[in-house]
Amino acid sequence: MGTSQSHEGGIIDSDCEEEEEEEAEEQYDDALGDHQKSGSSSGTHKGLDEIDAKLKSLKLKYSSYQQQGNHNLKNPVKLLLHIGGNTPKAKWVISEKLTSYDFVKTAKTNGNDDELGSAGWVLEVRSKVRVRVSTEMQMKMFGDQRRVDFVDKAVWALKFLSDYEYRNFVTLFQNCLFENAYGMEASEENKVKVYGKEFIGWVKPEVADDSMWEDAKDHSTDSAPLKGSRGSIEEFEEAANGGVQSLALGALDNSFLVNDIGVHVYRNLNRGINGKGICVKYDGGGNASNLTLKKTLLMRAETNIMLMSPANKGKPNATGLKQVDIETGKIVTEWKFEKDGTDITMRDITNDTKGSQLDPSESTFLGLNDKILCQWDMRDKKGVVQDIARSGSPVLHWTQGHQFSRGTNFQCFASTGDGSIVVGSLDGKIRLYSKASMRQAKTAFPGLGSPITLVDVTYDGKWVLGTTDTYLILICTLFTDKDGKTKTGFTGRMGNRIPAPRLLKLTPLDSHLAGNDNKFHGGHFSWMTENGKQEHHVVATVGKFSVVWDFQQVKNTSHGCYRNQQGLKSCYCYKIVLKDESIVESRFMHDKYAGSDLPEAPLIVATPLKVSSISL
């Protein structure tokens, strides 16, 4: 089940195929036990006859009891518990040989509103399990085994007695999940209201058009699936001087690690990054542990780095940012965000395009808050760089953008190779904007009920990755227009032949083993800045885990993970890099640093105390 994890720093395969638990018939054991007790006083044939009669009797009695139990029990199931964690002795044990489950709608649990979070549907399995129906359960379904696994303070499994009972449970669970997420009954009318007619395939994946997933397969020879185990990696690590807050990877000579002291410079190598012993300290020296970074951004051929910090502790938005010149080792200015003479705040910033940080003349970047999408310019309106010494409090120039009136709740964004923009929202929606206009989205994908905390997009704009607390969502933006041309959702409206997304998840066991801090964050594609190449992997962080999926494998419709699944296809095949402390960030280096004998550039994993370079 899941992964069988070993030592710290190891890399582990998740199981693509699950083996059904072997069950022993206790009645047979009892019969053999009776024979062993009396065998010495009976002849061989007489003993065998007695055993045969006893077995037949017990089979009849057990069958009768089971039928009677099934008849009296509503929703009968077998309840199993996983014990042993990631040790060699890990196994499933029977918690309840025959019990029942129920979905209960409740506003309170034992008089405590907080015990299960928000009010709504709760799954109960007698006195053993009581959990609010949500994606936090990490429910994994095995149709061929009539079994579901999930997390509720431990890892549980329900084994159903018939296909009908299994399918009935899955339908009830999905309906309860919908109602808990959207606050309305899971009727066909309400599903259309939430998703829209164009996205009905997201509700009923069996009717969705999957042809684009097939057509988008990468058949190039430079992509190879992940395989092997701990022996298939090389890793070296360095101390990071503590307090690591952010990792800014460069595509040229250097990368940067930002901590409480300042910006530390690392040399980029084919085997990873290596500290140069250079640190650009905040404010010319001293400790700035009170600086909590929200975002770092490399600019101007990676000679400058922008540091954005929340204006108020506990709040995500910033009133401005610091610009650090790496070559001089100084903070050259602190910029303010302002529009029409009024101070505004930004939640996120990113480069104009996926490769614009390599441009030595770059003076513009993109900004976002909950209802604003815009571009900022460090030059004045005449197109020249502002005289910082004279202005005293330099103001970024708003070059283009739009302030939406309400309802957007933007959280994060990313840009493609040509400057198109993808935006993730609190309600789970993902919007695609063309490079020509920030006013109206060309395509708006509906949410699945979970807030999007980070988005990424491939260089060519064909694939979008959204991060939520409990899963990653992978969306194909390709569609065929009325003239038969293949386009992306950034350049045109996708119509009604929209592919259903795929979900990238942890198994319930791995989710449980990840610890209390088991929320996904930082989902990214591997890094390309060149047309005609395809990203190879997806990486995300969960607690002490850095989790890597093979992108080609995820796109493969015939992949083993997708067999016997009900609902949206979910991929559970991944590698785990395990560290001894919570991971701050995991990112692949630029594709140019892939070695001649490796299909992928090194993976960089930063924790508060260390930075590791890993070659898969």
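The model is predicted, so local features need pLDDT of at least 70 and side-chain atom pairs count only at pLDDT 80 or more, while totals for chains, interfaces and linings use all residues. Residues are numbered from 1 along each chain as its sequence is written, and side-chain values use heavy atoms, with hydrogens and water left out.

**Stop 1: the helix pair**

Select residues 163-182 for α3 and 188-195 for α4; their axes come within 12 Å and cross at roughly 50°. Helices here are DSSP runs of H or I with at least four residues, strands are runs of E with at least two, and both are numbered from the N terminus. Axes are lines fitted to C-alpha atoms, for helices over the stretch in contact, with angles from 0 to 180 degrees between N-to-C directions. That angle makes α3 oblique to α4 (under 35 degrees is roughly parallel, over 145 roughly antiparallel, 65 to 115 roughly perpendicular, and the rest oblique).

**Stop 2: the sheet of 5 strands**

Next, colour β28-β29-β30-β33-β37, an open sheet in that order with mixed pairing (two strands pair if DSSP finds at least two bridges between them). β28 (454-457) and β37 (570-571) each have a single partner strand, so one side of each lacks a neighbour in the sheet. Zoom in on β33 (residues 502-504), which runs parallel to β37 over 2 bridges; there, leucine 503 sits opposite serine 570.

**Stop 3: the sheet of 4 strands**

Now show β9-β41-β40-β39, an open sheet with antiparallel pairing. β9 (234-239) and β39 are its edge strands, pairing on one side only, and the twist averages 15° from one strand to the next. Between β39 and β40 (residues 603-606) there are 4 bridges; pick arginine 587 to find its bridge partner in β40, isoleucine 604.

**Stop 4: the second largest pocket**

On a 1 Å grid over the protein atoms alone, a pocket is an open set of points where a 1.4 Å probe fits, with protein on both sides within 12 Å along at least five of seven lines; lining residues have an atom within 4 Å of a point. The pocket holds about 1,200 Å³ of space, a volume being what is filled by probe spheres set on the points, which are joined across faces, edges and corners.

Elements giving two or more residues to the lining include β28 and β39, while β24 gives the largest share, 5 residues.
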